[in-house]
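Work through the exercises below with the sequence and the 3D view open. Try each task before you read its solution.

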Amino acid sequence: MSDIKVYANDLSFPREEPKKCLIYRIFGQVPARLVLYLLSWSGFLVSFMMRTDINLAIVAMVEEPTQTESANATDEYCFTHDSLQEDGPTKVVDYGGTLQWSSDIQSYVLASFYWAYIVSQVVGGLATQKLGTKRVFGYAQLATALCSLSIPWASETHYAIVILLRSIQGFASGLTWPAMYALVGHWIPVPERSRFMSSFQGFSIGIGITYPLCGLLISRLGWRSVFYTTGSIGVLWCFIWYLLAFDSPEMHPRISLSEQQYIKENTVNTYESSRKTKVPWGQILRSMPAWSIGITTFGRIWVHYTFIVPGPKYMKSILGFNIEANGVLSGAPFICSYVASVLFCYIADKLVTKHIMSLTNVRKLFTALAQVVPGILVFLIPYLGCNYIVILVIWFIAVTMITAAYAGAMANVVDIAPNFAGPVLAFAQTIHMTASFLSPLAAGYLTSGGHNLSSWRNVFNVSAAVAISTYVVYQIWGTSEIQSWNNISQPDSSTAEEELMLQKSPDAKVIPKKVKDNELPT
């Protein structure tokens, strides 16, 4: 191993690997792509911990109004207040909240994150092109963590400060997705991209552990400990990211020659040139494949946030679960969805590399699994009445199936524009993340007359209709073909690199139309 060399930054010639200490050499044997996968996975996990902690914590923060009405066990409800257990999943608990925030103020606090989140999508794409993923993702996480640490103080000062901090968190978090997508095009070979996309599902684990963790912290240490815990974890993660993350294989000090060669031969190495190239916004805005990704994902986000935001309210107001049971039941499906996402991405890669299906058809298949199937299931929920077990099983399956999108339309961003994955994702996110606040707003409007089975039936019906109808757009215009506006180098250079991919990658049929358009031999 003493004669191992690594490429120079321009990959034009190999240079001798400098002498390293024993510990450095041991950890240097870990594939750089595996380290990047773990950083991506843990980064989104931590990001979503800091994003969702307030959803449950606010229950303990705010002083609850005295209950003066009692619900009746009728066709519209599954319980009565008299039937609530003194000890069990429907136990009523006073968490000692002292903040006198009205329901409107609480809505503003929760929604402020997503308003700013949408605004920052395009900024994230542009910033990543100029500054690189390491700085954009790292600083965004650090800003989010510092805001989390400040929320307890801000909450007791004035709710307007909390809204400001949540807005900053939303803006910063909006930068992370375009930043990480941009890294995929430079780091991850085509045969591995679907599998790498499962790292983005770290957010599922983040949501899954945050709700039960918040419940435990609140019951033992009070609601302030929630923000101190998630904020501290965020700061620690930023330190690890700073030490281990690099914008391209050429910049990595520990990558092996064999891994660097493999990445070079199975990706288009355009990191430096892509940073100097103007983003073709006009062509992106006129690209139907890019629009189809944004529109179809709008439907997925709509039904997803029906489960995340108003979903716990359904479990409490209709099914009668208390906040502890609610936290576990709300979080558990997201743990399952992470495991499923890894399986979906693995199957997607195998379908392509074994030439069972074309990449375009694989993307459409898994997008359908992520939207059409959950759409049908969410439509069934309100017609099951009070059959708790069946409702929870369907609930779990629907949330789990949604993650198939990461082997579908979400992975398609890198397929159509590996050099501009960040800007394309920013464009798509600007479209589909509007559903993150429109879905809860629609649920609030449809249940404004009261939380009963009739009103919730309308909520679930609308979610089903949006999820299924938006998929049709992707079925018509979705494609895995690299778009012409993705090219940022001379045609001869680009063609030569694509030819290498076809010769050396087992995924030789990944970009058949691109091969055809450039008249390369098949």
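**Exercise 1: a helix pair**

α2 crosses α5 in a left-handed manner; a crossing is left-handed if the near helix is turned anticlockwise from the far one by less than a right angle, and right-handed if clockwise. Helices (H or I, at least four residues) and strands (E, at least two) are DSSP runs, numbered from the N terminus. This is a predicted model, in which local features need pLDDT of at least 70 and side-chain atom pairs count only at pLDDT 80 or more, while totals for chains, interfaces and linings use all residues. Residues are numbered from 1 along each chain as its sequence is written, and side-chain values use heavy atoms, with hydrogens and water left out.

Task: describe how α2 and helix α5 (residues 159–187) pack.

Solution.
- Step 1. Two packed helices are described by the angle between their axes and the distance between the axes.
- Step 2. For α2 and α5 the angle is about 160 degrees, and the axes are 11 Å apart. Axes are lines fitted to C-alpha atoms, for helices over the stretch in contact, and angles run from 0 to 180 degrees between N-to-C directions.
- Step 3. That angle makes α2 roughly antiparallel to α5. The cut-offs: under 35 degrees is roughly parallel, over 145 roughly antiparallel, 65 to 115 roughly perpendicular and the rest oblique.
- Step 4. Find the residues that meet. Among them are Phe44, Phe48 and Arg51 in α2, and Ser173, Thr176 and Trp177 in α5. Contact means heavy atoms within 4.5 Å.
- Step 5. Sort the contact of α2 with α5 by class: ten nonpolar, five polar and four charged residues. Ala, Val, Leu, Ile, Met, Phe, Trp, Tyr, Cys and Pro count as nonpolar, Asp, Glu, Lys and Arg as charged, and the others, Gly among them, as polar.

**Exercise 2: a second pair**

Task: describe the crossing of helix α12 (residues 288–308) and helix α16 (residues 388–402).

Solution.
- Step 1. The axes of α12 and α16 come within 10 Å and cross at roughly 140 degrees.
- Step 2. That makes α12 oblique to α16.
- Step 3. The α12 and α16 crossing is left-handed.
- Step 4. From α12 come Arg300, Val303, His304 and Phe307; they meet Trp395, Ala398, Val399 and Ile402 of α16.
- Step 5. By class, this contact of α12 with α16 has six nonpolar residues, one polar and one charged.

**Exercise 3: the core**

Task: which residues have the most contacts inside the largest nonpolar core?

Solution.
- Step 1. A nonpolar core is a set of buried Ala, Val, Leu, Ile, Met, Phe, Trp, Tyr and Cys residues joined through side-chain atoms within 4.5 Å. Buried means under 20% relative accessible area, exposed over 50%, partly exposed in between (1.4 Å probe, protein chains only).
- Step 2. The largest nonpolar core has 140 residues, and Met61, Trp177, Tyr181, Phe200 and Tyr314 have the most contacts inside it.
- Step 3. Helix α2 (residues 32–61) gives the most to this core: 17 residues.
- Step 4. Take Trp177. Beyond its neighbours within four places in sequence, its contacts include Tyr117, Phe200, Phe203 and Tyr406.

**Exercise 4: buried or exposed?**

Task: is Val339 buried or exposed?

Solution.
- Step 1. Val339 lies in helix α14 (residues 323–353).
- Step 2. Val339 counts as exposed because its relative accessibility is 56%.
- Step 3. Compare helix α17 (residues 409–416): eight of its eight residues are buried.
- Step 4. Over the protein chain, buried residues make up 57% of the 522 residues.
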